[in-house]
Amino acid sequence: MEFTAAASSLSLSSTLSLPTPKIVSRCSQLHGCFRFFSASIPIFTKFKTSPSISTKSLKLRLFVVRNSSSITAKPSSELRKKRSDSEQDVKLRALRELFSKPGIGIDAYIIPSQDAHQSEFIAECYMRRAFISGFTGSAGTAVVTKDKAALWTDGRYFLQAEKQLSSSWILMRAGNMGVPTTSEWLNDILAPGCRVGIDPQFLFSSDAAEELKDAISKNNHEVVYLYDINLVDEVWKESRPKPPSKPVRVHDIKYAGVDVATKLSSLRSELKDAGASAIVISMLDEIAWLLNLRGNDVPHSPVMYAYLIVEMDGAKLFIDNSKVNLEVMGYLKNAGIELRPYESILSEIESLAMQGVHLWLDISSVNAAIVNTYKSACDKYFRSIGNKIKDNPSSNGQSGGPAGIWRTSPIYTAKAVKNQAELEGMRDSHLRDAAALAQFWAWLEEEIQKDVVLTEVEVADKLLEFRSKQAGFIDTSFDTISGSGPNGAIIHYKPEPGSCSIVDAKTLFLLDSGAQYIDGTTDVTRTVHFGEPSAWEKECFTRVLQGHIALDRAVFPENTPGFVLDAFARSSLWKIGLDYRHGTGHGVGAALNVHEGPQSISFRFGNMTPLQKGMIVSNEPGYYEDHAFGIRIENLLHVEESDTPNRFGGIVYLGFEKLTFVPIQAKLVDLSLLSVAEVDWLNNYHSQVWEKVSPLVDGSARQWLWNSTRPLIKV
């Protein structure tokens, strides 16, 4: 599943139309980046590299592909089916009526995608942007003024947004030539001196709120922090879903690899080195990884809504106690972790400041409410002792009084480098997943040959049925992208009952899916044709395959950032003037989020995070013809040391180990375009697929696997 640089929200002010987007360095503020090796040495060990740019900042901004006047999407009005817009109009009218209420007084309101933890996938009760706009994609920002409503999203979602937005909304195709950013648009359409409202309490990270404030101040606009009210919630009212309250579970040490005591000890060493006495952790997967806990609060991601404060002599987990059973409570007590109510996080932040704590805060992910609360409490502290706090955001000193330490969370990178137990879990879960996919593809091919009418939703449901029978299955890792024909060109397409297409033998079918298992996370895409593909479809597929092979075979020096490898995957497409509107690879968690940073493989060359041994990335080049078809081939890869005959400069060279073992459809391959080496790669891959997966299947699935892995011969 492609993810644009881990972007769960859109930039509020960075200039998206520029080929080189603005990046805020976070690892450059560190005295090094951090990595995780094993329990035998410190978990949070610095990279042997110069400071680099963490892609965590990319979560704050949407980065899109290079601009091309030849790549355009038709206006929504040309494609949208006629439908009633009354429901969306009622919501917008109700929202705008609140603008003039006492204590509000705004001219525009910004509705981001994220929850209080900057998550990609969020609980239904926090899907405010989807509620107000009708657009359900995971990335997007809505802006409503007194007479206009606009939504920004990236190239993965252009076609989906065209379908879902009513005529009351303007679709802003972020990254296309001439498309303004949200702040540019507000500066352009609002008269000078207007007031732009946001919910600063939790929906904006601290630096995103500051970035917005700076951007719109150029036209004398003012950001209004509406602390006590969320306007969308006021419109949503009683129909808003309740917050999740599902139980938390302990993630077994045989899958986690390192116990919580060792992880906390290593983290505290980092705190000491940084001059901090406590750290606030708000990213849900970071909390889950650090504490070896898993939850069920968020669809597709085994995490729980919580905050964590780690101090030198203890830790506090802020969570709804109803989610914590006696087993987990005992586990946390043994680890020295106290439970606190989820809602009490701000009062605890105030208390830490008044105690003079030097607090580590990752302002790229920690929400503005926490950061502002700490800053205000620091001011109060110094006023109480008769001194005025100096505005020194980089203060790391241990002199008297509280001080904020603004650095990337060390857990962010440590989590990305898997230990041996995590890697084994990923390998094992991928083989079980491959068995489920073999059963599924055998079933689907047979049904299509029998002319059984199947919708995209029915196909996705059947895949879930096969996966759910595998040992350790928990959930899907994202909504299955089951796209037939033109729907395959919608990069993050989600079929809906009653409006989806039929899967047939006449068109290409793209299936991007994944699963959460107790020991690992999977993400795999295959594109197939059940009839006779056209010569053009075969050429496009083969060029995507060539890019996939080139990246898979890459060998590169350690400390190489992912953007260096991106051209490997695009080169064959570029030769005939084709490209795709998304990154080539994203990080993947071990029994955690299907998208994680800081690593990525993308043309977005601002991300200087080196690929490190133990990281996992996807390899998923593609090609999409709007309203025609989509092609994507995706495997997950483990970064490993490569046994090269030479080591120029005395450094290690790296390559990739395959984790995904699912056949690539030979029917779609134009052998005349492949080199002998590329044919050998495909044959060797299919030989491995048969060897590893055939013992796990029988009957028609085994026969399908045999048929799908026969060697190809280039004449």
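**Reading contacts, strands and helices**

Colleague: Leaving aside its neighbours within four places in sequence, which residues is Gln665 in contact with?

Modeller: Contact means heavy atoms within 4.5 Å, and by that test Gln665 touches Thr527, Val528, His529 and Phe541. This is a predicted model, in which local features need pLDDT of at least 70, side-chain atom pairs count only at pLDDT 80 or more, and totals for chains, interfaces and linings use all residues. Residues are numbered from 1 along each chain as its sequence is written, and side-chain values use heavy atoms, leaving out hydrogens and water.

Colleague: Where is Gln665 placed, and is Gln665 buried or exposed?

Modeller: Gln665 sits in the loop between strand S32 (653-658) and helix H19 (676-693), where helices (H or I, at least four residues) and strands (E, at least two) are DSSP runs numbered from the N terminus. Gln665 counts as buried because its relative accessibility is 16%, the cut-off being under 20% with a 1.4 Å probe and protein chains only.

Colleague: In what order do the six strands of the open sheet lie?

Modeller: Two strands pair if DSSP finds at least two bridges between them; here the order is S6-S5-S4-S3-S7-S8, with mixed pairing. At the edges, strand S6 (170-173) and strand S8 (222-225) each pair on one side only. Strand S5 (residues 149-153) runs parallel to S6 and is joined to S6 by four bridges, and the bridge partner of Trp152 in S6 is Met172.

Definitions and conventions
Buried means under 20% relative accessible area, exposed over 50%, partly exposed in between (1.4 Å probe, protein chains only).
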